[in-house]
Amino acid sequence: MSVQRRIRVLAVAAALAAATWWGSQPIHAAKALTFAVVPKAINNPFFNDVRRGCEAEAKRLGVACDYTGPTVTEIQKAMAAGIPVVMFDADAAPGSGRLAFIGTNNYRGGVALGMGFAKALPGGGQYAVITGGLGAENLNDRIRGVHDGLKQAGVASRFSEVSGSPFPCNDDINRAVQLIEQAITAHPDLSGIVAVGGWPLFAPEAFKQALKSKVAAMRAGKFAVVSFDTLKPELEILKAGYVSTLVGQRPYQMGVDSVLALYNYVTKKIKPKDPTDTGLDIVTPSNVDEFLKKAGG
């Protein structure tokens with residue numbers, strides 16, 4: 001089949017890609033379909049499971065999954081070319097024209113994180129929030145959820161967020177670890193860290209080193225760290241006692257659901273549910289072994 005007869009449809013994270021739809025004639029064979037799945041950062045380990053889910057579902061459907069890095073930051077160009085687009089992980093701005101958002105209910109995840117933090121640190125104290133970018137709507141929804149989670153736990157009055165928080169790492173793993181070190185140094189009475197993304201935990205040894213001065217306090221229940229995401233390195237950190245609660249997204253399911261949604265739309269004209277909530281996992285010391293087993297650990 002010539003390149004002019006190929007169709008590409010697109011699933012994108014954080015509105016950071018576009019693709020091309022070649023030709024206008026209808027394609028009847030499922031094998032002619034290629035689905036481009038474009039994460040906002042191809043080197044972020046969180047998206048590895050999205051890729052696995054995409055490839056597994058594409059194989060089941062008899063189509064192709066083209067997992068590629070971002071090339072163009074404006075999805076309007078893709079849609080103007082007639083390319084169906086769904087968003088995963090982070091949604092596009094209202095009125096963008098995308099078909100659906102497929103991913104985490106970020107506010108609910110933030111509430112779960114806040115409640116987990118309250119349980120881990122019932123006495124309260126000062127805390128710092130580590131985020132990605134200050135303008136990221138999905139991350140701001142999580143931060144709002146954290147604050148409300150503390151309220152729902154009935155302990156918000158016991159906590160205070162340090163000046164300057166939330167601190168943005170701009171999705172940089174090393175920067176996230178540095179921000180934890182700086183927060184501990186600048187605030188000797190700091191009682192906890194809330195990471196609304198898994199960036200600092202993706203560098204396990206550096207993360208542990210950053211917390212070395214707080215190890216005794218952590219063991220005494222006077223310092224706590226909670227974080228998003230439940231990849232294997234993060235589960236191992238929780239098992240080792242450096243994290244109290246992890247709120248896990250389901251990136252594999254994002255990959256599966258994104259491809260299936262686009263496939264059904266292109267082949268059957270079935271519009272996907274908007275939003276499609278892929279769910280959450282709450283991991284604590286009581287169930288971490290179960291999740292490690294699933295992760296092959």
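Modeller: The torsion about the S-S bond of Cys 54 and Cys 65 is about 120°, so the disulfide is right-handed. A disulfide here is a pair of cysteine sulfur atoms within 2.5 Å, and the S to S distance between Cys 54 and Cys 65 is 1.6 Å. The structure holds one disulfide. The model is predicted: local features need pLDDT of at least 70, side-chain atom pairs count only at pLDDT 80 or more, and totals for chains, interfaces and linings use all residues. Residues are numbered from 1 along each chain as its sequence is written, and side-chain values use heavy atoms, with hydrogens and water left out.

The bond links distant parts of the chain, with its two cysteines eleven residues apart. Cys 54 lies in helix 1 (residues 48–61), whereas Cys 65 belongs to strand 3 (residues 64–67). Helices (H or I, at least four residues) and strands (E, at least two) are DSSP runs, numbered from the N terminus.

Both partners can also be described by their burial. The term buried means under 20% relative accessible area, exposed means over 50%, and partly exposed lies in between (1.4 Å probe, protein chains only). Cys 54 has a relative accessible area of 0% and is therefore buried. Cys 65 has a value of 17%, so Cys 65 is buried as well. A further cysteine, Cys 169, also counts as buried because its relative accessibility is 1%.
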